[in-house]
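Trainee: I would like to learn how to read a protein model carefully, one feature after another. Could we look at one together?

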Amino acid sequence: MKVWVGGGLSELENARVSVLDHGMTVGDGIFETVKAVHGRPFALTRHLERLTRSAEGLGLPEPDLDEVRRACAAVLAANPMPLGRLRITYTGGLSPLGSDRGADGPTLIVAVGETARRPDTTSVVTVPWTRNERGALTGLKTTSYAENVVALARAHQHGASEALFANTVGQLCEGTGSNVFVVLDGELHTPTLASGCLAGITRALTVEWTGAKETDLPFEVLDSAEEIFLTSTLRDVQAVVRLDGRGIGEGPGPVTTKAMRVFEERSAADPNPKSV
């Protein structure tokens with residue numbers, strides 16, 4: 001495998017980042033995960049727009065998107081695979097120990113790993129921890145991911161692939177790495193960005209392509225929802241059939257099935273859908 005680091009491609013075993021990089025010592029960094037099908041990244045423009053927003057929110061220098069695009073193209077060309085998880089990481093760079101950021105400039109790393117198509121259905125659990133909808137990092141895709149690691153481990157302990165959070169005021173928010181949609185009285189809803197959830201790329205496209213409503217929803221809505229599904233870069237649209245061990249149908253419901261079909265068709269027709 002070859003990765004992009006230090007301004008060019010390196011063999012994986014030769015790739016080096018300083019142990020004093022701020023992304024390593026304090027989690028001072030941002031990232032994007034992009035689906036790549038036969039070397040072609042999906043929705044790359046939208047991902048880079050969000051990378052820029054996250055950098056601004058974290059106070060990092062604006063990324064050189066031309067370099068990021070070159071890095072992505074080089075990594076994908078050097079590592080051919082049918083379905084890849086392209087990871088763009090951008091950190092505060094070499095810095096002193098502690099929270100103060102150094103003056104050496106940011107670090108850019110781009111890598112890709114092979115992945116498999118997700119199943120059409122999955123199981124999720126709810127967790128007792130909350131998302132802070134008013135936090136300094138709310139809405140930013142940062143490398144400070146430890147609480148997601150803890151919550152996802154809880155999910156795996158219970159035979160699930162994802163954990164769902166409420167926010168501090170008891171509203172439905174998001175998963176560790178996904179957005180959540182629910183069907184209520186036949187209508188499709190997803191939490192508003194004010195809930196503290198990440199502005200997911202797949203979430204936004206699903207809203208645009210299905211007409212789903214962005215709604216402030218109580219966490220308890222999960223108990224009464226007729227259908228639930230998750231969206232993310234690698235899940236696309238994935239039906240939830242078990243919640244905290246309780247069955248929710250035998251497979252994707254009619255609204256979810258339609259959303260899955262629409263997303264598959266629209267994403268195949270336009271691999272780089274621009275923001276509206």
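Mentor: Let us begin with helix α5 (residues 201-210), which is largely enclosed by the rest of the structure, because 7 of its 10 residues are buried. Buried means a relative accessible area under 20%, exposed means over 50%, and partly exposed lies in between, with a 1.4 Å probe and protein chains only. Helices (H or I, at least four residues) and strands (E, at least two) are DSSP runs, numbered from the N terminus. This is a predicted model, in which local features need pLDDT of at least 70 and side-chain atom pairs count only at pLDDT 80 or more, whereas totals for chains, interfaces and linings use all residues. Residues are numbered from 1 along each chain as its sequence is written, and side-chain values use heavy atoms, with hydrogens and water left out.

Trainee: Which residues of α5 are the buried ones?

Mentor: They are I201, T202, R203, L205, T206, V207 and W209. After α5 comes G211, which has a positive phi near 75°.

Trainee: How should I read the strands, and in what order do they lie in the open sheet?

Mentor: Strands of a sheet pair through backbone hydrogen bonds, either parallel or antiparallel. Two strands count as paired if DSSP finds at least two bridges between them. Here an open sheet of 6 strands runs in the order β2-β1-β6-β5-β3-β4, with antiparallel pairing. Its edge strands, β2 and β4, each pair on one side only. Helix α2 packs on this sheet and touches β3, β4 and β5, and its direction makes about 175° with that of β3. Contact means heavy atoms within 4.5 Å, while axes are lines fitted to C-alpha atoms, for helices over the stretch in contact, and angles run from 0 to 180 degrees between N-to-C directions.

Trainee: Which strands does β1 pair with?

Mentor: Strand β1 (residues 2-5) pairs with strand β2 (residues 8-11) in the antiparallel sense over 4 bridges, and K2 has E11 in β2 as its bridge partner. This hairpin has 2 residues between the strands, and in it G6 takes a positive phi near 65°. Strand β1 is also joined by 2 bridges to strand β6 (residues 107-114), again in an antiparallel arrangement, where the bridge partner of W4 is V110.

Trainee: How is a pair of aromatic rings described?

Mentor: Such a pair is described by the distance of the centres and the angle of the planes. Rings of Phe, Tyr and Trp (its six-membered ring) pair if their centres lie within 6.5 Å, and planes under 30 degrees apart count as stacked, over 60 as edge-to-face and the rest as tilted. By this rule the count comes to 4 aromatic pairs. The rings of F31 and Y145 are edge-to-face, because their centres are 5.3 Å apart and their planes stand at 80°. F31 lies in strand β3 (residues 29-37) and Y145 in the loop between β7 (121-131) and α4 (146-157), so this pair ties together parts that are 114 residues apart in sequence.

Trainee: Where does the charged end of R87 sit?

Mentor: A charge sits over a ring if NZ of Lys or CZ of Arg is within 6 Å of the ring centre and within 35 degrees of the ring normal. The charged end of R87 sits over the ring of F31, at 3.9 Å from its centre.
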